[in-house]
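Please look over the sequence and the structure shown here before reading on. The report that follows goes through a few parts of the fold in turn.

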Amino acid sequence: MQPYFLPYIGYWQLLNKVDKFIVYDNIQYTKKGWINRNRFLKNGKDALFTIPLKKDSDTLNISDRTIASTYDKDKLTSQFRNTYLRAPYFEDAFPVIEEVIHYNAENLFDYILNSIKKICSYLKIDDSKITASSSIPIDHTLKSEEKVLALCHAMEAKEYYNPIGGVALYDKVHFSNQNIDLKFLKALPIEYKQHNNEFVPWLSIVDIMMFSNLSSIQEMLTHFTLE
């Protein structure tokens, strides 16, 4: 998986489910993805929050991207504080989010990897299963499906789990021919009370942490199907 900053529940369901979780650091950064942005609740509606990046070549890998000096960590912290101050689990969750935001790193991958591990700790997910892709001895010039297969073989995997969006990218027959069982994880709809607003689904894990206790979140981590 790409490293995502405070992603939605499906990312954590996948991380919780697998034995080994490989985070891509040596693939090209994509502008239109969710690497350095996500959605949170603001005035009853969804709003984007973003880590601004230093202007650089679009061909650089994620591990070579730098966070912009204009990143106002205090402003982002205040946005979360203001929108979630009256949430039932604010006192539990906010210190974790504040620590994540104020982590001292200029490198994008290092910053996001720290956030993933901090949230894992809060959710009681073992973060020792997380490995950076560049540390695995394969031919890193490989792309897409072939790179995934190489990583699977290097890790001696018998099963490979991918989010449901990967249906368009990966072929079960191709994986099966290499003795790997490919499965797609599909997060099921989850609903919980967000103040007294109409429910806004699929927001950042921050939203769930603010409105749900740990036992409820751990139950949510199992609320998916495999296809």
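## Asn107 and its surroundings

The side chain of Asn107 reaches the backbone oxygen of Ser63 at 2.6 Å, a polar contact, that is, a pair of N or O atoms within 3.5 Å, where within protein one must be able to donate a hydrogen and the other to accept it, and where residues adjacent in sequence count only if both atoms are side-chain atoms. This is a predicted model, in which local features need pLDDT of at least 70 and side-chain atom pairs count only at pLDDT 80 or more, while totals for chains, interfaces and linings use all residues. Residues are numbered from 1 along each chain as its sequence is written, and side-chain values use heavy atoms, with hydrogens and water left out.

Asn107 sits in the loop between helix H3 (90–101) and H4; helices (H or I, at least four residues) and strands (E, at least two) are DSSP runs, numbered from the N terminus. If neighbours within four places in sequence are left aside, Asn107 is in contact (heavy atoms within 4.5 Å) with Ser63, Arg65 and Ile67. At the start of H4, a side-chain oxygen of Asn107 comes to within 3.0 Å of the backbone nitrogen of Phe109, and a polar atom of the Asn107 side chain lies 2.9 Å from the backbone nitrogen of Asp110.

Twelve of the 16 residues of H4 are buried (under 20% relative accessible area, with a 1.4 Å probe and protein chains only), so H4 is largely enclosed by the rest of the structure. Among them are Leu108, Phe109, Ile112, Ile116 and Ile119. After the helix comes Lys124, with a positive phi near 65°.

Not counting residues up to four places away in sequence, Ile119 touches Leu6, Trp12, Val96, Ile97, Val100, Ile205 and Met209.

## Strands and sheets

An open sheet of three strands has the order E5-E6-E7 with mixed pairing, where two strands pair if DSSP finds at least two bridges between them. Strand E5 (159–163) and strand E7 (224–226) are the edge strands, each pairing on one side only. Strand E6 (residues 181–187) pairs with E7 in the antiparallel sense over three bridges, and Leu185 has Leu226 in E7 as its bridge partner.

Elsewhere, strand E2 (residues 37–42) and strand E3 (residues 45–50) pair in the antiparallel sense over six bridges, with Ala47 in E3 as the bridge partner of Phe40. The hairpin of E2 and E3 has two residues between the strands, and Asn43 in this hairpin takes a positive phi near 55°.

How values were computed. Buried means under 20% relative accessible area, exposed over 50%, partly exposed in between (1.4 Å probe, protein chains only).
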